[in-house]
Amino acid sequence: MAMGKYSRVDGKKSLNCCSTTSLVVFVAFCLVGVWMLMSSVVPIQTQSLSTEENLTDKSSKQYEDSSGGLSETVTREEDSGSDSQSETTTENIQNVSQDESVSTSEEKQEDVVLKEVSEEKVESENENGDEGNQRENTSDEKTETDEEPKTEKENDQEASSGDGQSNSEAGSTEEAGGKTSENEQSELEGEKKSEGDESADEKKQEDEVPSHNDEEKVENNQDNNSEESDTSNNKETKKFSTSKTQSEYSWKLCNVTAGPDYIPCLDDLKTIRKLPSTMHYEHRERHCPEEAPTCLVSLPEGYRRRIQWPTSREKIWYHNVPHTKLAVVKGHQNWVKVTGEYLTFPGGGTQFKNGALHYIDFIQKSLPDIAWGKRSRVLLDVGCGVASFGGYLFDRDVLAMSFAPKDEHEAQVQFALERGIPAISAVMGTTRLPYPSSVFDVIHCARCRVPWHVEGGKLLLELNRVLRPGGYFVWSATPVYQKLPEDVGIWKAMSKLTKSICWDLVVIENDKLNQVAAAIYRKPSTNECYNERAQNEPPLCSESDDPNAAWKVPLEACIHKVPEDASDRGSQWPPQWPSRLEKPPYWLKSQLDVNGTSAPEDFLSDYKHWKNVVSKTYLTGMGIDWSSVRNVLDMRAVYGGFAAALKDLKVWVMNVVPPIDSRDTLAIIFERGLIGMYHDWCESFSTYPRTYDVVHADHLFSVLKKRCNLVAVIAEVDRILRPEGKLIVWDDAETLNEIESMAKSLQWDIRFTYSKDNKGLLCIQKTFWRPTEQETILSAIA
């Protein structure tokens, strides 16, 4: 010990040198170790970032086969009525929430990486805060059946942030579309035991972790598929790879005088100012800008998720339609009232201030043959106001097409649509209404302020064109029951006109409660009266005048003959509702489909196809909460099979038949007891913004892009779709590619994808996102 100590003293200088060297070496090793540790961490972060970008920016790059997700008839070719076994591929996307209240992005990125290399789940995500959970995906079961309504506070958060419930619902539906049951997973993944075990583990995890993990889990399953399956899926993926990135689309807010109520073809003030006359309501008709706008319409300040039907029939959020003029002008007639944060609708109208239901029953008692909901199913309500008449006809199984102009009666049609009642902005002016001839069972006008008797009865003759032979016209206006000189004069003119066009005055009945009266006329079902008239006034229309031509066709003061041949449409009354919905119209028997097949067979095949798609995919495979859906738009309806398949839901469908590039099948839709109209989607639709909960497009956009700017079409879809509303698109892969790219640039959530044989299905959810930069539309500035 002493020797050692002394030696140490003696050799002190040498030992210090060695000690210093050792220290330097030790520090160097430490530095190398730290560097190695850092280098081992950085790749993980980089990889996780890449994965997150993959999930966000390559939305449709991953698919999972799922035989249970779509019906066997989903992939039915458009040109044949045959069914084919469909292969479902589901995209699972996790849009990265930018809200700071959610867990940090680094933690999420690490979770993603761990999930790519292991089946272990990070259960700590279950303990996220309420606000974080609001942005998490809900489980498939909850999304489809047990989705709980958000509180008003959460609604406000969603409206302000634009990524709340919209992102939550988006994720839940992606999972809903992509997940299959255990049995279905076994069929799909039975080739490999490891994949079967993976499915069992996933099923267990569904009850243990938030659906954020579920969604990533489904993505991981796809990554762990066999090389052969992965290659097959990648072939499908290439069809949907986006052709443009989000940054290549530049969306701006529309700077217009109408603000959040902008309807491009009704607010073209530049054209309206140049009109030589407004005597025939030309200024209320459609005047579209030379180029369809590609900007986005702003949201009203304080906009909230709409109130669900049927509560919405009685009240809506004030800030969703913040207009009070009607409440002031028509408040005494019980149209609408301001009640705190709500606008309430007592159910009244100018001619039925004590409630629409009493008035509806009054008409039934006055004319039992009208048979609401049986013989009379489809009704046209002219000058509808806030559409309470149409809203309460739902209780009698009658579907009303209501319309009124966008005029000084501020937002009347917008009120109707927000309430969940079918309506469009339109006026009886210089052109025909957008409907074929002989389709409405009843036409109603309660003091609609239309001068029916002027200019040879041109406007009343337009009603005669669209009224079914044997159908009724219900007119409850002051000329029917008041004795003022003006009213007496109008009554005399109307009596002469209705007699000259062979309408029978069936009954005049007084409503003692409302102190009004209604005159009910019936259109003839034969041409006998026309042939016996002493004077051909108004004249019969020429044989070259097609009564079904309605898109931008000028009005003529003439009478179209009633079809009398037993095989002609309009010669017989349709079967009573609801049997008329499922039966091919009698006049289809002698016709052939465009592909040469029997039209009735094609009709039935179409109905079967959409019943399968709706029941096996739309209602259960997409995670759409149909209890929150009320207004539905089918942009290309064909026979109305999609609407017919939704019959048992509390929804209504506006069936649109494009007058260009499409067969004219709109009369078939009305014959079934459904409603619809003609419209060219290269122009804006005659409806207010934020109108529809679901918009459906079946092989439409691929046709439109040959004639239109597809960006403008999608901007129009954005305009009419409510925040959190869904767009469902069937089309070719290239077109879906473009739609998906634009949707992501709009900050929409990709909910569901499917592809096969270069065709596919895409379901997207609109969010509350709005751009900040503005674009001034000079033609729409007052």
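Cys 708 counts as buried, because its relative accessibility is 14% and the cut-off for buried is under 20%. The model is a predicted one. In it, Cys 708 is bonded to Cys 682, with the two sulfur atoms 1.5 Å apart. The link of Cys 682 and Cys 708 is left-handed, at -50 degrees about the S-S bond. Cys 682 sits in the loop between strand S16 (675-678) and strand S17 (692-698), and Cys 708 in the loop between helix H26 (701-704) and helix H27 (710-720), so the bond ties together parts that are 26 residues apart in sequence.

That bond belongs to a set. The structure holds six disulfides. Count the bonded cysteines along the chain, and the pattern reads 1-4, 2-3, 5-6, 7-8, 9-10, 11-12.

Another of the disulfides joins Cys 541 to Cys 558, at 2.0 Å from S to S. This link of Cys 541 and Cys 558 is right-handed, with 95 degrees about the S-S bond. Both cysteines lie in the loop between H21 and helix H22 (579-582), so the pair ties together parts that are 17 residues apart in sequence. Cys 541 and Cys 558 are both buried. The loop between H21 and H22 also holds Pro 538. A cis peptide bond joins Glu 537 to Pro 538, with omega about -5 degrees.

Next come Cys 445 and Cys 448. They form a disulfide with sulfur atoms 1.8 Å apart. The link of Cys 445 and Cys 448 is left-handed, with -90 degrees about the S-S bond. Cys 445 and Cys 448 are both buried. Cys 763 is at 0% relative accessibility, so it counts as buried.

Cys 448 leads on to the largest pocket. Which residues lie nearest the centre of the largest pocket? They are Ala 446, Arg 447, Cys 448, Arg 449 and Val 450, out of 47 lining residues. The elements that give two or more residues to this lining are strand S7 (378-382), helix H16 (388-393), strand S8 (399-404), strand S10 (440-445), helix H19 (478-481) and helix H20 (485-500). H20 gives the most, with three residues. The volume of the largest pocket is about 970 Å³. Its lining divides into 25 nonpolar, 13 polar and nine charged residues.

Stay with Arg 447. It is placed in the loop between S10 and H18. Its relative accessible area is 40%, so Arg 447 is partly exposed. The phi of Arg 447 is near 50 degrees, a positive value in a residue other than glycine. Most residues other than glycine have a negative phi, and most peptide bonds are trans. Val 638 also has a positive phi, near 55 degrees. Val 638 lies in the loop between strand S14 (631-634) and helix H24 (641-645). With a relative accessible area of 17%, Val 638 is buried.

Is H18, at residues 458-466, mostly covered or mostly open? Mostly covered: eight of its nine residues are buried. Among them are Leu 459, Leu 460, Leu 461 and Leu 463, but also Glu 462 and Arg 465. What do the buried residues of H18 pack against? They pack against S7, S10, strand S11 (467-475), H20 and helix H21 (528-532). S7, S10 and H20 are also among the elements that line the largest pocket.

Now turn to a buried lysine. Lys 766 lies in the loop between strand S20 (759-765) and strand S21 (774-776). It counts as buried because its relative accessibility is 2%. What does its side chain reach? Another is the backbone oxygen of Asp 718, which lies 2.6 Å from a polar atom of the Lys 766 side chain.

Two stops remain, earlier in the chain. Ile 272 lies in helix H12 (residues 269-273). Beyond its neighbours up to four places away in sequence, Ile 272 touches Leu 266, His 283 and His 287. Ile 272 and Glu 285 are 13 residues apart in sequence and 9.3 Å apart in space, C-alpha to C-alpha. The loop between H12 and helix H13 (311-314) holds Pro 310. A cis peptide bond joins Trp 309 and Pro 310, with omega about 10 degrees.

Terms used
Residues numbered from 1 in each chain as written. Predicted model: local features only at pLDDT ≥ 70, side-chain atom pairs only at ≥ 80, totals over all residues. Heavy atoms only, no water. 1 Å grid on protein atoms, 1.4 Å probe; cavity = no way out; pocket = protein on both sides within 12 Å on 5 of 7 lines; lining within 4 Å. Points joined across faces, edges and corners; volume = space filled by probe spheres on them. Helix = DSSP H or I, 4+ residues; strand = E, 2+ residues; numbered from the N terminus. Nonpolar A, V, L, I, M, F, W, Y, C, P; charged D, E, K, R; others polar. Buried < 20%, exposed > 50% of the residue type's maximum accessible area, 1.4 Å probe, protein only. Contact = heavy atoms within 4.5 Å. Disulfide = S-S within 2.5 Å. Polar contact = N/O pair within 3.5 Å; in protein donor to acceptor, adjacent residues only side chain to side chain.
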